[in-house]
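Please have the model open in your viewer as you read.

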Amino acid sequence: IETPSAGEQPGNAAQPPPAVAGKLGNLPDLALPVLWQTGACGAGNGQFNEPRGVAVDAEGNVYVADAGNHRIVKLDKAGKFVKAWGSEGEGDGQFLEPFDVGVAPDGSLVVLDAVQQRLQRFTPDGQFVAAFGAQNTFYRPRGLWVDGQGGLWVADTGGIRILKLDQAGQRLSQIGGRDAPPVGQGQPTDVAVGPGGDIWVAEATNGILWHLAADGAIVKSIGLNIAGTLDGPHLAAGADGRLYATEPEGFRVLVLAADGTPVGQFGMQGNEAGQFRKPLGIAVSAAGQVFVADTPACKVTAFGAIP
């Protein structure tokens with residue numbers, strides 16, 4: 001783990017670690033309908049190689065961080081291939097490991113590259129706009145959230161911290177870090193911010209889902225299945241405040257209310273429609289539809305909204 005650079009510390013830095021709630025057992029099955037499923041392993045149109053992050057825009061287009069193919073894939077609202085862009089490299093518009101993606105309020109797409117350890121911004125049709133954020137000295141960052149004001153939240157996994165950045169990638173604040181236990185110590189793999197400002201952080205190696213207030217104060221912690229940082233849990237916050245968390249080692253997606261109360265789950269181990277081999281990336285549309293990337297299965301599945 002790389003020692004993170006100094007930064008602003010939130011109020012939770014001085015708090016003692018709370019007792020972590022037990023792992024969530026079997027929850028009510030939400031039985032969400034499968035709207036579409038697409039993908040097969042490969043490098044052609046309609047194929048993926050280790051798809052990881054996923055995002056959805058206001059028109060319902062879905063963007064996939066096709067990490068193994070070093071590209072971003074755009075699908076339409078029916079799951080049909082639209083286009084792909086990117087190639088392996090370190091130049092503008094190139095990727096080494098595009099790990100997560102997010103759509104900004106202006107419609108632009110932000111891509112987090114875990115190996116280049118920087119961010120890139122593109123137009124919705126894949127035109128390069130800017131590369132930025134390298135000055136924050138990330139260490140294998142694996143999670144990205146773009147909030148309603150365009151702020152960028154990065155789960156700096158190896159840096160054991162969450163960074164909040166402005167639209168240009170300048171650091172505004174930090175949660176966690178080597179000298180700020182307990183949040184971050186299990187290497188965060190993703191972060192999401194609800195419409196009310198609540199912050200959710202998934203830590204893979206200690207199996208904790210943190211619920212933080214907008215000021216960074218700890219609200220509660222929930223136990224998850226322990227996972228590796230490469231294939232750790234990822235998060236999405238819905239417009240209604242619900243929190244959606246992939247649990248890769250549990251082959252399911254967990255759904256929590258805005259206050260952290262469990263709502264239910266969907267998915268199970270398998271290769272059939274609506275089943276997972278290892279769900280990772282997740283996104284939720286404004287209408288509540290849920291999109292999940294299944295990395296080893298090389299597929300993306302769209303689910304209907306919770307009734």
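The notes below cover the sheet and then the aromatic rings.

## About the model

This is a predicted model, in which local features need pLDDT of at least 70 and side-chain atom pairs count only at pLDDT 80 or more, while totals for chains, interfaces and linings use all residues. Residues are numbered from 1 along each chain as its sequence is written, and side-chain values use heavy atoms, with hydrogens and water left out.

## The sheet

Let's begin with the strands. An open sheet of 4 strands runs in the order E3-E4-E5-E6 with antiparallel pairing. Its edge strands, E3 (51-56) and E6 (81-85), each pair on one side only. From one strand to the next, the twist averages 20°. Strands here are DSSP runs of E, at least two residues long, numbered from the N terminus, and two strands pair if DSSP finds at least two bridges between them.

Strand E4 (residues 62-66) pairs with strand E5 (residues 71-75) in the antiparallel sense over 5 bridges. Val62 stands opposite Leu75 in E5.

## The aromatic rings

The whole structure holds 6 aromatic pairs. One of them joins Phe122 and Phe128 edge-to-face, at 6.0 Å centre to centre and 75° between the planes. Rings of Phe, Tyr and Trp (its six-membered ring) pair if their centres lie within 6.5 Å, and planes over 60 degrees apart count as edge-to-face. Ring pairs also link Trp85, Phe95, Phe122 and Phe128 into a cluster.

Phe122 counts as buried (under 20% relative accessible area) because its relative accessibility is 0%. Phe128, at 33%, is partly exposed, a term for values between buried and exposed (over 50%), with a 1.4 Å probe and protein chains only.

Definitions and conventions
Phe/Tyr/Trp six-rings, centres within 6.5 Å; stacked < 30°, edge-to-face > 60°. Axes fitted to C-alpha atoms, helices over the stretch in contact; angles between N-to-C directions.
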